[in-house]
Structure formats: C-alpha cells, structure tokens
Amino acid sequence: MNQNPETAAEEVQEPVCEETAAEETAAEPVTEETPDLQAELDKAKEALSQQETQYQYLAAEYDNFRRRSAKEKSDAYAKAKGDAALAFLPVFDNLQRALAAPCTDTAYAKGVEMTMTQLRQVLESLEITEIPALGEQFDPNVHNAVMHVDDPSVGENTIVEVFQSGFRTGEKVIRFSMVKVAN
C-alpha cells in the first residue's frame, strides 16, 4: 500500500478527465444534425396524426356499416314476416265470414272455429296483431274509411262497422282496417 503520491494523483485524475471529456462532448451542440432530426420527427408526428385520423374514420365507418347491416337484416325479416302474413289474411277473412254465417252443423262450425283459433295463435306467435277498430276513434294511420254514416247516437269519427280487419307487426301496418265511420 505504499504508493508513490504522484502515481496516486494520476490515477485519480484520469477518471476525472474522462468524465470531463464526456461532459464536454455531450454539452457540445450538434448544429448540423439537430434540424434534420427535428424535421424528421415533425414528419413522423404528422404521419402518425394522419394515420390516427384515418383509423378513426375507418372505425366510425365500420361501426356505421355494422349498425346499418343489423337494421337492414331486422327490416328484411320484418318485411318477409309481413309479406307471409299478408298472404294468409284472405284465409283469415274467409274463416271470419264462415264464422259469421249461420250454420246448423255444429261439428262443421266447431271445425271452422278451431281453425280460426289456430290461425290467430300462429299470427300471435309471429307478433302480428289485429288492429282494434269497432267502437274506436278513426285513425287514418291504421284505418281506411270506405263509408260514412250519419248516426247521432254514436260519437263523431267513431268506427261503427268493420268490413275487413287490419293487422300490424310492431308499428308497421301490414293491412289497414276497412271501416265505416260515423260523422
């Protein structure tokens, strides 16, 4: 441990000199490369910003497409269901007329009644409902007035007779009710 004081001073100074040299190198501004790097950084930030904007537009467009497709699918199902029900409504009308006609054969009348009950159940299962009409106020959104009658015993715009029942699925009218309205 007996060292020469001059050698010990040199050893201590060498690391100090290296640190000082490193600090001087880091502190020196690189004037030629800094503007180029800053320009590249600005370009990269601009490109990233454009990519983010494009991504947001694409994500919004996809979300709109997804919603529109789901709505179109739902509308197509509702339209197909309404069209199928519309094809069966003449059968409903004929069964309704058969029930209204006088009949002496009870078995026949019971068969027509059972068929009508089954048809009503099928329409209900498809969420197709009959539009209430008789005794209701006339609503041009769901009723089609084909006759008017002056009847002071009934309120104004009251439906007094139903010629053909109307049906709807949800808020969509499949067939308007044909009615006689009191003035």
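View 1. The model is predicted: local features need pLDDT of at least 70, side-chain atom pairs count only at pLDDT 80 or more, and totals for chains, interfaces and linings use all residues. Residues are numbered from 1 along each chain as its sequence is written, and side-chain values use heavy atoms, with hydrogens and water left out. Asp 63 and Arg 67 form one of the salt bridges, with an N to O distance of 2.5 Å. Both residues lie in helix α2 (residues 33–100), 4 residues apart, about one turn of the helix. Helices (H or I, at least four residues) and strands (E, at least two) are DSSP runs, numbered from the N terminus.

**View 2. The salt bridge between Lys 81 and Glu 127.** In this pair the closest N and O atoms are 3.9 Å apart. It links distant parts of the chain, with Lys 81 in helix α2 and Glu 127, 46 residues away, in the loop between α3 (106–125) and β1. Lys 81 counts as buried because its relative accessibility is 12%, whereas Glu 127 is exposed, with a relative accessible area of 56%. Buried means under 20% relative accessible area, exposed over 50%, and partly exposed in between (1.4 Å probe, protein chains only).

**View 3. The salt bridge between Arg 120 and Glu 130.** The closest N and O atoms of Glu 130 and Arg 120 are 2.9 Å apart. Glu 130 belongs to strand β1 and Arg 120 to helix α3, 10 residues apart. Glu 130 is partly exposed at 32% relative accessibility, and Arg 120 is partly exposed at 33%.

**View 4. The open sheet β1-β4-β5.** This sheet has 3 strands in the order β1-β4-β5, with antiparallel pairing. β1 (128–131) and β5 (172–175) are the edge strands, each pairing on one side only. From one strand to the next, the twist averages 40°; axes are lines fitted to C-alpha atoms, for helices over the stretch in contact, and angles run from 0 to 180 degrees between N-to-C directions. Strand β4 (residues 166–169) pairs with β5 over 3 bridges, where pairing requires that DSSP finds at least two bridges between two strands. Phe 167 stands opposite Arg 175 in β5.

**View 5. Strand β6 and its partners.** Of the 6 residues of β6, 5 are buried. β6 pairs with β2 in the parallel sense over 6 bridges, and 4 bridges join it to strand β3 (residues 159–164), in the antiparallel sense.

**View 6. Lys 180 and Met 147.** Lys 180 lies in strand β6 (residues 177–182) and counts as buried because its relative accessibility is 16%. Leaving aside neighbours within four places in sequence, Lys 180 is in contact with residues including Met 147, Val 149, Ile 159 and Phe 163; contact means heavy atoms within 4.5 Å. Lys 180 is also the bridge partner of Met 147, which sits in strand β2 (residues 143–149). Met 147 is partly exposed at 40% relative accessibility.

Definitions and conventions: Salt bridge = Lys/Arg side-chain N within 4 Å of Asp/Glu carboxyl O.
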